[in-house]
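Please read these points with the model open beside you.

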Amino acid sequence: MKYVQLRAFHHVALAKGFSRAAEALGLTQPAVSDQVLRLEQDYDILLFNRQKKQISLTNAGERLLEITRPMFEVEARALEFLTESRARATGHLRVIADSAYHVTEILNRFRAQYPGVRVTLSGGNTDDVVSALETYNADIGVLGSGTTTPGIDSVSLGVTPIIAFCAVGQFGLSGAPKSLADLAVYPLVLREQGSKTRQKLHEAAMAQKIDLKPAIEAEGREAVREIVAAGGGIGFVSDAEYGHDARLQKIPLAGPTLLMEEAVVALKQRRDVRVIRAFMALARDFAAVR
C-alpha cells in the first residue's frame, strides 16, 4: 500500500469527486483516478461505485474512510504543530448544534480572534451531535445538556428550566404556571426522538404517571416553534432558548423543575487540534464569567 494511493482515496471520499480531490491535492484528475484504481486493483477491493459522472462510497469504502479520517487528521495536526510558530490558526471549524443560541457569543469571539478560520454551523439533536463528533463529521458540538459519554470533553454553559409555550391566546391559557398533567390534555408539539428536551419530559411524565403523547412530532426546535405559533398546540423548550416572539406566550411549568444544562462538547482525542483547542478555550472563558 502506497501513501499517495491512500491519500488520493481519502480526498476523493471527502470531496465526493475526483476533480475536486485533484484540485485539493494540486494534481491532475487522471493522476488521482489512477492512484485510486491502483489501490483497488492491488487489494482486489471496490471502494467507489462509479455511475457516469457521480461516485459514492461502497461499504468497504465507508469502512476505509473511518480509518483514514483520524490518520490524515494526525498528519494535519503534525503540520499545525510545525507551522504554529509562523502562522495564526486557519482552516475549517465544523460546529453542530442542538441550539445555536447557546454559542452565538462564543462564535462571535472566535471569528474576531481567528478570522482566517471558515466556520460552518449545522443543526441536530443530541444523538446527531454525538454521532457527528465520533465519526469526525464535526469538530465542536453544542448540546442542550451535559454528557457523560466516554471520550467527550464538555464545558457547561449553565442550567435553565424547561418551560411550555403556546400561541398567544391559544386554548384560553393566560400564561399562569401549569403542570404536565394540566398540559397533557391539549395537543402537544414535541421534538423528535433523540432530543434531550423530549427525553427530560418523558422521564418526568413517567415519574408522574402522565401519558404525554405528541399530537405532532417535529424535527428541530424551529419547526416546533413555527407549528406552535400557527396554533398547532403546546411546545416545550429551555427558558434560555425561548427568546422573544410576539406570536407566543410562555407557560411556566408547575411542579418539579426540569433543568437543561447547555454545554459545548468535543472529542478528547482531538483536543490538540488547533481550531478545536481555541474554541474550547473560549467556551471555558465564556462559562467562567457567565
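**Notes on the largest cavity and the chain**

1. Two elements, α9 (221–229) and β9, each supply at least two residues of the lining of the largest cavity. The share of α9 is the greatest, at 3 residues. Please keep in mind that this is a predicted model.

2. Which residues line the largest cavity? The lining consists of F165, R191, T197, R221, V224, R225, F236 and V237. The volume of this cavity is about 50 Å³, and the structure has 2 cavities of 30 Å³ or more.

3. Strand β9 covers residues 235–238, and S238 lies in it. Is S238 buried or exposed? S238 counts as buried because its relative accessibility is 0%, and the cut-off for buried is under 20%.

4. Leaving aside residues up to four places away in sequence, S238 touches H102, T160, P161, I162, M260 and E262. Across the chain, 77% of the contacts between residues at least 6 apart in sequence join residues at least 24 apart.

5. The chain has 290 residues, and 44% of them are buried. Its secondary structure comprises 11 helices and 11 strands. Along the principal axes, the C-alpha atoms fill a box of roughly 70 × 45 × 35 Å.

6. The accessible surface of the chain is about 15100 Å², with 52% of it belonging to carbon and sulfur atoms.

Technical notes:
Residues numbered from 1 in each chain as written. Predicted model: local features only at pLDDT ≥ 70, side-chain atom pairs only at ≥ 80, totals over all residues. Heavy atoms only, no water. Helix = DSSP H or I, 4+ residues; strand = E, 2+ residues; numbered from the N terminus. Buried < 20%, exposed > 50% of the residue type's maximum accessible area, 1.4 Å probe, protein only. Contact = heavy atoms within 4.5 Å. Areas by Shrake-Rupley, 256 points an atom, 1.4 Å probe, with all protein chains shown as cover. 1 Å grid on protein atoms, 1.4 Å probe; cavity = no way out; pocket = protein on both sides within 12 Å on 5 of 7 lines; lining within 4 Å. Points joined across faces, edges and corners; volume = space filled by probe spheres on them.
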